[in-house]
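Here's a quick tour for anyone meeting this structure for the first time. Have a look at it, then read on.

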Amino acid sequence: MHWPYCAKICPYCDFNVYRDRGRREEQAALARAIAADLEAQAALTGERELVSIFLGGGTPSLMDPDWAGELIALARRLWRPSGEVEVTLEANPTDAEAGRFAAFAAAGVDRLSLGLQALDDESLALLGRNHDAAAARRAAAQGARSFARLSVDMIYARPGQTPQAWREELGQALDLGAEHVSPYQLTIEAGTAFERAVRRGRIVPPGDEAGAALFETTQAVLEAAGFEAYEVSNHARGEAARSRHNLVYWTGADYAGAGPGAHGRLTLDGARTATFAHARPADYIAAVAAAGTGFATRETLTDREAAQERVLAGLRIDAGVGYDEVAALGLSPSDPRVAELTAAGLLAGDPRRLRATRAGRLVLDHVTSRLAA
């Protein structure tokens with residue numbers, strides 16, 4: 001469920017987000033629309049098992065916790081819960097949001113994904129965050145008290161960052177007690193404030209070699225602390241700490257997307273179907289009122305398109321993707337593309353699955369572009 005409102009738009013962000021202020025009436029209408037959309041999608045899918053619920057954004061921790069509780073309860077009624085359903089809330093570490101963590105836990109959230117991003121005030125200012133390092137530490141402590149599971153996000157490859165400084169900062173993040181860490185390399189996205197700053201020379205991001213050194217530092221620090229790199233940018237302290245929700249994406253399972261700009265992948269009438277919701281909240285609300293769902297588009301993927309998605313997502317995780325799942329691309333251990341990438345040390349020599357090596361993960365865009373062509 002995508003909640004698109006933010007108190008402040010970060011300069012590096014290219015997500016579908018909107019300023020939070022003065023939109024209370026629209027937000028109440030949006031919560032009702034998401035509920036109606038979920039009901040309509042449940043009618044499309046029929047009975048399915050519910051594995052996870054993810055309240056993402058935007059900043060869903062700005063949502064009324066009662067609305068979150070109603071949506072969580074609705075999803076549990078519409079689909080059959082499978083074991084312990086993982087319910088994740090994304091949040092920023094402002095004191096105002098941390099003060100509501102207990103209410104979200106009471107609403108049914110059991111996992112917090114906390115966007116720390118950095119742990120020094122200078123970097124947080126550069127990233128345009130509306131909290132300081134002290135607030136980040138307070139929020140992590142409150143999150144650990146309120147929820148059974150805690151994940152933290154960090155951003156590295158920031159301008160001027162050195163491997164030693166990143167090593168120390170990442171170590172400080174680990175001291176906060178999270179079971180899951182998502183370290184993301186800063187990407188300069190088109191159309192963002194950061195992209196404009198780079199063009200004007202106000203920001204100089206690290207080059208490829210510096211970025212690679214920071215990536216290797218990330219792996220070394222987290223491995224030494226007992227975290228497994230089960231996905232390119234996701235590390236967990238043991239299998240139980242992995243994000244079940246994100247594994248749905250990476251393993252090609254079905255997921256329903258509700259909320260402005262949300263996308264989904266559903267198997268309908270035996271075919272892999274891609275859904276995309278209207279981006280603007282007002283358009284999404286109107287579409288749900290008119291048609292039941294907020295879909296702007298709904299299209300059936302060809303076998304080749306579905307296989308391309310499996311390559312792009314499946315190679316991000318350590319388990320990779322089975323050759324049987326990408327047969328439409330003609331991939332096999334003897335395929336020249338596979339043989340070339342294996343010989344280069346970028347793919348593991350696994351006769352049953354395509355799996356990227358550590359070196360392959362460093363240049364994953366190159367690997368997947370070769371295989372999915």
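**A first look**

Asp269 is exposed, with a relative accessible area of 85% (exposed means over 50%, buried under 20%, and partly exposed in between, using a 1.4 Å probe and protein chains only). You'll find Asp269 in the loop between β11 (263-268) and β12 (271-277). Keep in mind that this is a predicted model, where local features need pLDDT of at least 70 and side-chain atom pairs count only at pLDDT 80 or more, while totals for chains, interfaces and linings use all residues. Residues are numbered from 1 along each chain as its sequence is written, and side-chain values use heavy atoms, with hydrogens and water left out.

**The whole chain**

- The protein chain has 15 helices and 15 strands (DSSP runs numbered from the N terminus: helices are H or I with at least four residues, strands are E with at least two).
- Its radius of gyration is 21 Å, close to the 21 Å that the globule rule gives for 373 residues, so the protein chain is as compact as a globular protein of that length (the radius is taken over C-alpha atoms, and the rule is 2.2 Å times the number of residues to the power 0.38).
- Along the principal axes, the C-alpha atoms of the protein chain fill a box of roughly 55 × 50 × 45 Å.
- Of the 373 residues, 51% count as buried.
- Among contacts with a separation of 6 or more, 67% come from residues 24 or more positions apart (contact means heavy atoms within 4.5 Å).

**The sheet**

- Eight strands make up an open sheet with mixed pairing, in the order β1-β4-β5-β6-β7-β8-β10-β9 (two strands pair if DSSP finds at least two bridges between them).
- The edge strands are β1 (2-3) and β9 (228-231), and each pairs on one side only.
- Strand β5 (residues 80-91) runs parallel to β6, with four bridges between them; Thr88 has Arg111 in β6 as its bridge partner.
- On to β7 (residues 149-156): six bridges join this strand to β6, again in parallel.
- Strands β8 (residues 180-185) and β10 (residues 234-236) run antiparallel and share two bridges, with Val181 partnered by His235 in β10.

**Zooming in on β6**

- How many residues of β6 (residues 111-117) are buried? Seven of its seven are.
- In a regular strand the side chains alternate between the two faces of the sheet.
- Here, Arg111, Ser113, Gly115 and Gln117 point one way from β6, while Leu112, Leu114 and Leu116 point the other way, and all are buried.
- Gln117 sits opposite Met154 in β7 and counts as buried at 9% relative accessibility.

**Ser182 in β8**

- Ser182 belongs to strand β8 and is buried, with a relative accessible area of 2%.
- Neighbours within four places in sequence aside, Ser182 is in contact with Ser151, Val152, Asp153, Met154, Ser233 and Asn234.

- Most residues other than glycine have a negative phi, and most peptide bonds are trans.
- Gln117 has a positive phi, near 70°.
- Asp269 has a positive phi too, near 55°.
- The peptide bond from Gly57 to Gly58 is cis, with omega near 20°, and Gly58 lies in the loop between β4 (49-57) and α2 (65-78).
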